Amino acid sequence: MAEEFLIKSWETHIGTACRGVNWDSHSLDELRAAVTCVGGTCLASLCQLLAQDYRSWSSGMPDLLLWRFHGEYSGEAKLVEVKGHNDRLSEQQRAWLLLLMDCGFSVEVCKVKPL
């Protein structure tokens with residue numbers, strides 16, 4: 001039902017000013033793909049968290065959302081925090097990663113080294 005909810009919300013609210021939403025960033029098809037791979041349970045947990053305390057959780061979220069399909073209606077997704085050679089996770093980023101894992105997300109920290 002997550003994809004159906006996304007489509008209905010998109011059609012009802014596209015263009016409406018909303019904190020944290022940029023309607024021009026992604027197409028509906030891209031969002032549908034992400035929702036399919038992330039799954040409704042993880043997304044519902046994330047939305048509940050942001051609705052309860054947006055101010056505390058509006059920063060520190062991982063940098064990347066990666067996804068791939070395993071078939072027409074299934075896939076997998078991973079949230080990735082990218083860190084440079086001498087970079088460390090902030091306390092807020094640590095809190096995000098732990099919370100996302102508790103919600104069922106696959107998360108990873110990727111250390112990047114200069115060539």
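A residue is called buried when its relative accessible area is under 20%, exposed when that area is over 50%, and partly exposed in between, with a 1.4 Å probe and protein chains only. By this rule Arg68, at 51% relative accessibility, counts as exposed.

The model described here is predicted, and for that reason local features need pLDDT of at least 70, side-chain atom pairs count only at pLDDT 80 or more, and totals for chains, interfaces and linings use all residues. Residues are numbered from 1 along each chain as its sequence is written, and side-chain values use heavy atoms, with hydrogens and water left out.

## Overall architecture

The protein chain contains five helices and three strands, where helices (H or I, at least four residues) and strands (E, at least two) are DSSP runs numbered from the N terminus. Along the sequence these elements follow the pattern α-α-α-α-β-β-α-β. Taken along the principal axes, the C-alpha atoms fill a box of roughly 45 × 35 × 30 Å, and of the 115 residues of the chain, 23% count as buried.

## Helix pairs

Two helix pairs are described by their axes, which are lines fitted to C-alpha atoms, for helices over the stretch in contact, with angles that run from 0 to 180 degrees between N-to-C directions. The axes of helix α1 (residues 2–13) and helix α2 (residues 28–38) come within 9 Å and cross at roughly 155°, which makes α1 roughly antiparallel to α2. For the orientation terms, angles under 35 degrees count as roughly parallel, over 145 as roughly antiparallel, 65 to 115 as roughly perpendicular, and the rest as oblique. The crossing of α1 and α2 is right-handed; a crossing has this hand if the near helix is turned clockwise from the far one by less than a right angle, and is left-handed if the turn is anticlockwise.

Helix α3 (residues 40–52) and helix α5 (residues 91–103) have axes that come within 9 Å and cross at roughly 135°, and α3 and α5 are therefore oblique to each other. The crossing in which α3 passes α5 is right-handed. Gln52 is placed in helix α3 and is exposed, with a relative accessible area of 60%. The C-alpha atoms of Gln52 and Gln93, which are 41 residues apart along the chain, are separated by 18 Å.

## Salt bridges

The structure holds seven salt bridges, each being a side-chain nitrogen of Lys or Arg within 4 Å of a carboxyl oxygen of Asp or Glu.

Glu108 is partly exposed at 39% relative accessibility, and Lys78 is partly exposed at 28%. Salt bridges that share partners also join Glu3, Asp29 and Arg32 into one network.

Leu64 is placed in strand β1 (residues 64–71) and is partly exposed, with a relative accessible area of 38%. Together with Leu66, Val82 and Val112, Leu64 makes a nonpolar surface patch of about 280 Å². Patches consist of residues with over 30% relative accessible area and no salt bridge, like charges being joined within 9 Å and nonpolar side chains (Val, Leu, Ile, Met, Phe, Trp, Tyr) within 5 Å; accessible areas come from the Shrake-Rupley method with a 1.4 Å probe, and for residues only the protein chains shown count as cover.

Phe69 also lies in strand β1 and is partly exposed, with a relative accessible area of 42%. Although Phe69 and Cys37 are 32 residues apart in sequence, their C-alpha atoms are 6.8 Å apart in space.
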